[in-house]
Amino acid sequence: MVDHNETFYRPENFILIGVPGLEDIQFWFAIPMFAMYALTILGNSVVLCIIMPQETFHKPMYLFLAMMSMIDFVASATTTPKILCIFWFSSREINFNACLAQLFFIHALSMMESTVLLAMAFDRYVAICHPLRYTSILTNPTIARIGVLAIIRGSFLMAPAPLLIRRLSYCRTNIISHTYCEHMAVVKIACTDTTINQIYGITVALLVIAVDIICVTVSYCAIVRAVFRLSSRAARHKALGTCGPHICVILISYIPALFSFFAHRFGHNIPLHIHIILANLYILIPPMCNPIIYGARTKEIRDRVVIIFQELL
């Protein structure tokens with residue numbers, strides 16, 4: 001049932017308790033969560049159904065949006081169904097290996113999405129600062145290579161996590177005060193030295209979040225400088241308008257991620273249930289909002305959605 005000796009114990013299952021201190025009312029949390037999950041599946045499915053079959057949408061901005069929708073779709077399916085089972089049916093057990101798999105996919109997909117957001121910032125930079133070279137720089141083969149790079153980057157950086165966790169002993173408890181298998185939540189309950197795991201977590205966060213935020217900031221500084229060099233006010237407004245959806249997506253993606261990162265390491269005074277609720281919103285809100293933001297702000301997608309619904313009706 002378990003592998004153990006005098007100093008090592010690995011449980012067969014972990015127990016995910018949900019939102020600590022709010023177990024009696026978390027049943028009701030599942031109702032808005034289910035609605036958000038349904039909107040996530042619907043919104044991202046619509047985006048993929050619009051972009052993938054239509055060659056007119058096979059342009060850099062739309063292809064990056066399709067990549068993001070695929071990532072959001074898989075990421076939501078990795079976590080939300082299990083959370084709903086915890087809230088509605090008190091199905092709290094998760095197999096040790098299934099927990100490691102969930103942990104891997106949650107964080108690897110987040111890194112892939114961060115890479116796509118960085119690529120979208122580069123897309124806006126080229127479109128505004130080097131418009132005459134746009135089609136020669138962002139060709140379809142280049143976009144395909146960026147997609148492959150995003151997958152490799154997320155998978156490679158996250159691959160050590162399950163291996164490092166398997167070397168830990170869980171002799172005190174197998175209860176995780178969370179709704180899903182988040183890296184630091186699993187590491188914290190170990191009873192052996194976790195220094196390597198913590199150094200690894202900080203290093204990966206710096207290699208992804210910090211580097212990507214710096215690169216996105218540099219891109220937008222160049223964009224803003226180029227925009228304010230335009231003589232026409234209408235041209236400036238149009239250029240900045242094309243960046244609006246991307247900036248909104250960046251804010252709803254990075255701000256919760258940064259909060260979760262710092263709360264785990266420095267937020268000892270933050271109530272645990274607040275941290276867990278915000279961690280759940282982090283995996284729910286960006287995948288739900290991304291297709292809505294781009295659908296509402298992108299005329300071509302908005303028009304296509306209207307046509308689809310008119311055909312259905």
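Me: Which cysteine does Cys 171 form a disulfide with, and how far apart are their sulfur atoms?
Reply: Cys 171 is bonded to Cys 191, with the sulfur atoms 1.9 Å apart; a disulfide here is a pair of cysteine sulfur atoms within 2.5 Å. This is a predicted model, where local features need pLDDT of at least 70, side-chain atom pairs count only at pLDDT 80 or more, and totals for chains, interfaces and linings use all residues. Residues are numbered from 1 along each chain as its sequence is written, and side-chain values use heavy atoms, with hydrogens and water left out.

Me: Left-handed or right-handed, that Cys 171 and Cys 191 disulfide?
Reply: Right-handed, because the torsion about the S-S bond of Cys 171 and Cys 191 is about 135°. Cys 171 sits in the loop between α6 (160-166) and β5, and Cys 191 in the loop between α7 and α8 (195-227), 20 residues apart. Helices (H or I, at least four residues) and strands (E, at least two) are DSSP runs, numbered from the N terminus.

Me: Is Cys 171 buried or exposed?
Reply: Cys 171 counts as exposed at 51% relative accessibility, while Cys 191 counts as partly exposed at 21%. Buried means under 20% relative accessible area, exposed over 50%, and partly exposed in between, with a 1.4 Å probe and protein chains only.

Me: How many disulfides in the whole structure?
Reply: The search finds 2. Cys 99 and Cys 181 also form one, their sulfur atoms 2.0 Å apart. The torsion about that S-S bond is about -120°, so the Cys 99 and Cys 181 disulfide is left-handed. Cys 99 lies in helix α3 and Cys 181 in the loop between β5 (175-176) and α7 (183-188), so the pair ties together parts 82 residues apart in sequence. Both Cys 99 and Cys 181 are buried.

Me: Which residues lie nearest its centre?
Reply: Met 61, Arg 124, Ala 127, Lys 238 and Thr 242, out of 13 lining residues. The largest share of the lining, 4 residues, comes from α9.

Notes. 1 Å grid on protein atoms, 1.4 Å probe; cavity = no way out; pocket = protein on both sides within 12 Å on 5 of 7 lines; lining within 4 Å.
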